[in-house]
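Dear colleague,

I am handing over the structure below, together with some notes on what was found in it. Please read the notes with the structure open beside you.

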Amino acid sequence: MGLQHSKCSDTTAGTIALFFHILNHSAVYDKLMHEFTAHLYGPGDISDFKGLQKLPYLSSVVFESLRLVTPLGGMPRVVPNGGCIIVGKFVPEDTISGIPLYAMQVSPENYYPSPMEFLPDRWQPNGLGPETKTKAPMCFSFGDRLWFKLHLVVAKSFLVHDMRFAPSSDPQKFKDQISNMRTTIFGYPLLITAKPRK
């Protein structure tokens with residue numbers, strides 16, 4: 001049975017996606033752990049926003065993961081009096097219109113190159129090269145609290161635990177069965193092991 005989250009889908013789906021992307025990309029995992037050990041001594045060092053600001057690669061990982069697994073359906077708007085032109089077509093007034101955030105965030109017009117790939121370096125100062133396109137993700141328009149929570153959860157989880165995919169897990173099957181609609185649906189469970197770090 002798949003997992004569907006509507007209430008609290010922002011934090012639940014966002015955390016599941018983050019854990020998956022970190023564990024599914026060993027180079028990202030290693031770079032993130034290097035950043036943690038270079039700037040932090042333990043979970044207590046990241047209990048406030050200032051501690052998280054020292055972790056630019058963590059920010060890149062959070063942004064990129066939420067870009068690919070947006071746990072919100074969109075932000076519909078009502079066409080104003082007199083109607084308006086949208087993508088070259090007239091839309092009458094009082095029409096509800098919108099676009100799924102996921103569609104915006106995987107469009108090559110907004111994110112380039114490789115908009116469907118998980119590449120946190122696109123958020124780094126040099127991006128993925130001179131042709132990099134990175135617009136502010138719409139999924140962050142609901143405030144900084146989710147951004148802060150996800151940074152905190154990931155940093156504390158990976159500092160305290162050695163986290164890996166469980167031997168019985170199938171990461172490709174998990175990835176193939178992610179659906180982004182009005183919420184994020186995971187059709188296959190994310191199985192991980194978490195052992196206390198020494």
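Which element gives the most to the lining of the largest pocket? Helix 1 does, with 3 residues. Before going further, please keep in mind that this is a predicted model, in which local features need pLDDT of at least 70 and side-chain atom pairs count only at pLDDT 80 or more, while totals for chains, interfaces and linings use all residues. Residues are numbered from 1 along each chain as its sequence is written, and side-chain values use heavy atoms, with hydrogens and water left out.

The pocket

The largest pocket has a volume of about 240 Å³. Here a pocket is an open set of points on a 1 Å grid over the protein atoms alone, with protein on both sides within 12 Å along at least five of seven lines, and lining residues have an atom within 4 Å of a point; the volume is the space filled by probe spheres set on the points, the probe being 1.4 Å. The lining consists of 13 residues, of which His-21, Leu-68, Tyr-102, Met-116 and Lys-175 are the closest to the centre.

The salt bridges

Taking a salt bridge as a side-chain nitrogen of Lys or Arg within 4 Å of a carboxyl oxygen of Asp or Glu, the count comes to 4. One of them joins the side chains of Lys-31 and Asp-121, at 3.3 Å from N to O, and this pair links distant parts of the chain, since Lys-31 is in helix 2 (residues 26-39) and Asp-121 in the loop between strand 6 (111-112) and strand 7 (133-134), 90 residues apart. Lys-31 is partly exposed at 38% relative accessibility, and Asp-121 is likewise partly exposed at 30%, where buried means under 20% relative accessible area, exposed over 50%, and partly exposed in between (1.4 Å probe, protein chains only).

Glu-64 forms a salt bridge with Arg-67, their closest N and O atoms being 2.9 Å apart, and these two residues of helix 4 (residues 56-68) are separated by about one helical turn because they are 3 residues apart. Glu-64 also forms a salt bridge with Arg-122, at 2.8 Å between the closest N and O atoms. Glu-64 lies in helix 4 and Arg-122 in the loop between strand 6 and strand 7, so this pair ties together parts that are 58 residues apart in sequence.

With best wishes

Terms used. Helix = DSSP H or I, 4+ residues; strand = E, 2+ residues; numbered from the N terminus.
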